[in-house]
Amino acid sequence: MRKLLLLFLSLMVCFGYSYAETVTITMKGLTSDKNVTFGTTTLSNIGSFQSDGFKFEPGKSSGTDAGYNKAGDVRIYAGTWLTITAPAGANITAIAFNLSTQGKSVQPEVTVDNGTIATQSKGASTIDWSGASNSIKFTVASGANKYGTGSGNGQLAFNSVTITYTLSDSNVAAPTISLGDNNMVSISQEDGADIYYTTNGDTPSAASTPYNVPFAISGKTTVKAIAYVDGEASPVTSKALTPNTVANIAEFINLEPTEATKINAPVTAIYQNGKNLYIKDADDNFILVFGTVSGATDVQNGDVFSFITGTYSPFRGLPELVPTAIGTKSAGTEVDPYEVNLTDIDGSMLNQYVVLSDVAITYTGTDNKSYTIADADGNTLALYNNFYDGNTSGYTVVEIPEGEGFTVYGFVSTNNGTPQLQPILVEGGVEMETVATPVINPEGGDLTIGDKITITCATEGASIYYTTEDETPDATSIPYTGEITFSEAMTIRAIAIKDGMLPSDVATATFTVYDPNKLEATFDFSNATTLTQQTTNIEAPAEVSTGTEIGGKTFTEGYISMTVTNPESGSSAKWFYGLKSGYSALQCRLYSGCNITVSAIDNYTIKSIVFTQDDKLTNDWPTSTKLTVTTNIDGQSGTWSGKEWTAPESENVTTVSFTPTAKMFFSTMTVTYGPSSLGAIDDIFGDADANAPVEYYNLQGIRVAADNLTPGFYVVRQGSKTAKVLIRK
């Protein structure tokens, strides 16, 4: 095809022949000027490439370089562009990008510097251009995909391009239009022909403005040019140009340039925090510079930069400049904020530096960022703190107190048209105290129907409100007026409120109905506090240590014990911190031959055992063929489902033993158990003797002291009356 194209170009020159053709260029197998072949392996920054005489030049002012995947799909990412140029003498009339599977999923909005992009639609297979030009620049819009079916940022991802072009029947080559520094337009033609141009959209002719020297443009301009040699005209060249230099920030915002554009005037820095740099110019135009650029470090209020260059990239309606270069820094005059009232702030003040006095601040979110400020007349404004505690993007934290009478310094911002304030300093005022967190008693757990629940608050005069329907409580919730009678499983959330103070934190307690046939014992290796209380002579391992050996240790919870033993040879069982990508958490580590034996005490039977693992750590778990399970019931080992063991039906399992032949890591082991179904004594009555002493016997028939009972089942005798009872507490 390339030889054919060159042949027709020769015919055009010699005989003035006119020719039209369509070519489809497949990306896989092409080689770029980076000496990489598309489709071999994933590689960023592929550089320019050519095929069939057409040149493809990706570019960017910021963001991700053009790349390709193993299938050979070329990807032009959000905020970057691709210029396609035809061979000399050829004029492109149509281009269709044949989108890859990825391209259909994350299809962005694409704009061009000349010609027309056909209406794009969700999930379309192509992006189509039409016009008449030797060169077209396709720019991919920043942000999320607009027409794709997936999520994430958009990208122009295509596996082939179909180009329709014509070969001019003129012997005169078309002129070339270029934009230089300071918005100067140059037009050239290889034969030194006479050149004429227009800037008003008209088609140029010999009656148009002759080109002699470069000229300047002051706004977005489409320049069209034609060349003449001995009265014979060339094809018309058309190019849409955007100024690369502006006089101030206002012109930059109005221009909305997607390519690096220079604000060719001094700008004064006001405030820098991480990637955020607020600046203004001599005409009191403001903008947020977002990003990093060499030369803009240790910036102080009043520092003056001789110029700044960047692209326009608004965020939720807020004008932002993504920098590519910045001029020399020198000392200047510190910028003072505008003193304003809440009612003054609107969308015309974006990025302006302001100060508000005597305002109240209230936290209104759950994200450490969202607040509301209010004046004495009740006017309010959202205060959104990007520099909050917990932001890991390298910012200096701005502390926001709650209370009244504060002076707040910040920059006017917006959330898609709704004004808000980005604070940088809060001074003065009276910080409000916080109401004490309510105390729910009991703290949670199993209760019997009819048991009482109380809620108290240490702050005198505070009112308590609570919910039982999984809702966050506030002053409109159920008021607490006295003890709550337990009637069903529930989660109580309570808050305490008092005028002139900040609401308390929410207290939470979850209650379940006590079932003596379904008790639980949990051995939590991720919680050193509870685990060390379940055994003696053991200390939690130091973080990032070799761990604490637990072989030979017995842990006890309720009527369940867990004993860990080591193998005769091999690695010992350990309690240690698991590590992965900087994340660590306590867990139990067993190796081949280690053993865990779970035992029930005092006529209780084991129903099931569930293991859990920390999902951020290794998921080592032995398969069923590498884990031996035995019980005290001959030939009955129970069943496994995932990480849950279930006892055989109608059997009283009092011991379960687990022996892995591969690594076995877990965070918790929860045992469900209940009373044994064997040897139970139901109510036996004879003649009662109310004056006889009360005697307690365990289910083995051994008499126990009444003042030293532990929870469980007992046989109670008083005179000739005998009954089986459950002692819970």
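A: Tyr673 has a relative accessibility of 4% in this predicted model, and since buried means under 20% relative accessible area, Tyr673 counts as buried. Its ring forms an aromatic pair with the ring of Tyr604, and the two centres are 5.6 Å apart with 80° between the planes, an arrangement described as edge-to-face.

The largest nonpolar core has 43 residues, and within it Ile609 and Met669 are the residues that touch the most other members. Strand β52, which spans residues 604–612, gives the largest share of this core, namely four residues. If residues up to four places away in sequence are left aside, Met669 touches Ala521, Thr522, Phe523, Met562, Ile596, Val598, Ile609, Val610 and Phe611. There is also a second, separate core, made of 35 residues, and among them are Ile25, Phe49, Ile76 and Leu82.

Phe611, one of the contacts of Met669, also takes part in a cluster of rings, in which ring pairs link Phe525, Phe555, Trp575, Phe611, Trp621, Trp640, Phe658 and Phe666. Over the whole structure, the search finds 32 aromatic pairs. Another of these pairs is formed by Tyr271 and Phe411, whose ring centres lie 6.2 Å apart with the planes at 35°, and so the pair is tilted. Because Tyr271 lies in strand β24 (residues 267–273) and Phe411 in strand β35 (residues 403–415), this pair ties together parts that are 140 residues apart in sequence. Tyr271, with a relative accessibility of 17%, counts as buried, and Phe411, with 0%, counts as buried too.

Rings can also have a charged group placed over them, and here Lys262 has its charged end over the ring of Phe307, 4.5 Å from the centre of that ring. Lys137, in turn, lies over the face of Trp81, at 4.0 Å from the ring centre. Lys137 brings us to the largest pocket, where Lys137, Thr139, Pro257, Thr258 and Glu259 lie nearest the centre, out of 44 residues that line the pocket. The volume of this pocket is about 1,300 Å³. Several strands supply at least two residues each to the lining, including β7 (80–85), β12 (135–140) and β19 (221–229), and β12 gives the most, with four residues.

Ser100 has its place in the loop between β8 (90–99) and α2 (101–105), and with a relative accessible area of 2% Ser100 is buried. Apart from residues up to four places away in sequence, Ser100 touches Asp73, Ala157, Phe158 and Asn159. Asn35, by contrast, is found in the loop between β1 (19–26) and β2 (43–44), and at 68% relative accessibility Asn35 counts as exposed. Between Asn35 and Gly461 there are 77 Å in space, C-alpha to C-alpha, and the two are 426 residues apart in sequence.

Definitions and conventions: Residues are numbered from 1 along each chain as its sequence is written. This is a predicted model: local features need pLDDT of at least 70, side-chain atom pairs count only at pLDDT 80 or more; totals for chains, interfaces and linings use all residues. Side-chain values use heavy atoms; hydrogens and water are left out. A nonpolar core is a set of buried Ala, Val, Leu, Ile, Met, Phe, Trp, Tyr and Cys residues joined through side-chain atoms within 4.5 Å. Buried means under 20% relative accessible area, exposed over 50%, partly exposed in between (1.4 Å probe, protein chains only). Contact means heavy atoms within 4.5 Å. Rings of Phe, Tyr and Trp (its six-membered ring) pair if their centres lie within 6.5 Å; planes under 30 degrees apart count as stacked, over 60 as edge-to-face and the rest as tilted. A charge sits over a ring if NZ of Lys or CZ of Arg is within 6 Å of the ring centre and within 35 degrees of the ring normal. On a 1 Å grid over the protein atoms alone, a cavity is a set of points where a 1.4 Å probe fits but cannot get out, and a pocket is an open set with protein on both sides within 12 Å along at least five of seven lines; lining residues have an atom within 4 Å of a point. Grid points are joined across faces, edges and corners, and a volume is the space filled by probe spheres set on the points.
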